[in-house]
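Biologist: I would like to learn how to read the inside of a protein model. Could we go through one together, starting with a single residue?

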Amino acid sequence: MKVLLLKDTKEEGGQDPYVRAAWPTQSLFFRLQELGLHGLEATLIPVLSFEFLSLPTLSEKLSRPEGYGGLIFTSPRAVEAVELSLEQDGKSEVWKKSLRETWNAKPVYVVGNATASLVKKLGLEAEGESSGNAEKLAEYVCSREPPALPLLFPCGALRGEALPQMLKDKGIPMESIIVYRKIPHPGIQVNLDSYYSKQGIPASIAFFSPSGLTYSLTHIRELSGGRVEQIKFAAIGPTTARALAAQALPVSCTAESPTPQALAAGIRTALQPHSS
């Protein structure tokens, strides 16, 4: 059964956990090994690109760990922004020699294993990675001893408000800084056209963000025509599931956690003959 995954993906051989072997790389299609283990013929098409913002300001804040009670990361891109800001500001060595150790004395809260992995590459100890979304991470943060100083929260331009509001309600200080924004991948329409012409209509389509849904849905509806109702739509988490529902699309499954294994299991179950 053919499955189409629409998400951002790491470039140049990055460690995207969904990508195991490129096929073919020039068209940005990817075979997904994890889903293949579940009997699914999966293809990934990138729908998002990213633009980093305010990196000098981020670097300046990272240079003053004494002013913060810890860090919060809810996406891999925010962690990448930290690394990029330090590189561009010539502070990578200072980070390794002193800043890293100072930040490590404070809690570093993260959502998901992918984000935690990047945080650990920065030399920081992550906690809360089992939280599957920002709301659950907020619950985890609220269960810890409240910091006297604000938590620094590098985030995207389209961040949700659940985490900031939950922390505010608990009196936990937080300072957010927008360090990236999502933009449409330039090859969405061409890659979708190519996929549909060669593979036909997929049995399932999985979305990884509300933005990815927004940028690709019009093309999918046009290409699927009257058979769009046959497609089982999957979401990587509750926020994306709500975005699907807002577009009047039935959500056949929401991954129990944002991992290839959980998504594969959910899609496989949704595609069983008895599934509605």
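Modeller: This is a predicted model. Start with Y195, which has a relative accessible area of 2%. Buried means under 20%, so Y195 is buried.

Biologist: Is Y196 buried or exposed?

Modeller: Y196 is buried too, with a relative accessible area of 9%.

Biologist: How are the rings of Y195 and Y196 arranged?

Modeller: A search of the whole structure gives five aromatic pairs. In the pair formed by Y195 and Y196, the ring centres are 6.0 Å apart and the planes meet at 75°. Planes over 60 degrees apart count as edge-to-face, so this pair is edge-to-face.

Biologist: Which ring has the charged end of K7 over it?

Modeller: That of F208; the charged end of K7 is 5.4 Å from the ring's centre.

Biologist: How should I read a nonpolar core?

Modeller: In soluble globular proteins, nonpolar side chains tend to be buried together. Here the largest nonpolar core has 49 residues, and L6, F73 and I205 have the most contacts inside it. Helix α3, residues 76-88, contributes the most to this core, with five residues. Another core lies apart from it, with 16 residues, including L40 and A255.

Biologist: What does F73 touch beyond its neighbours within four places in sequence?

Modeller: Its contacts include V79, V82, Y109, L137 and P154.

Biologist: Which residues of helix α2 are buried?

Modeller: In α2, residues 55-62, they are L55, L58, S59, K61 and L62. Seen down the axis of α2, the buried residues fall within an arc of 160°, so they line one face of the helix. Among the elements covering them are β5, β6, α3 and α4.

How values were computed. Residues numbered from 1 in each chain as written. Predicted model: local features only at pLDDT ≥ 70, side-chain atom pairs only at ≥ 80, totals over all residues. Heavy atoms only, no water. Core = buried A, V, L, I, M, F, W, Y, C linked by side-chain atoms within 4.5 Å. Buried < 20%, exposed > 50% of the residue type's maximum accessible area, 1.4 Å probe, protein only. Helix = DSSP H or I, 4+ residues; strand = E, 2+ residues; numbered from the N terminus. Contact = heavy atoms within 4.5 Å. Arc of directions from axis to C-beta. Phe/Tyr/Trp six-rings, centres within 6.5 Å; stacked < 30°, edge-to-face > 60°. Lys NZ or Arg CZ within 6 Å of the ring centre and 35° of its normal.
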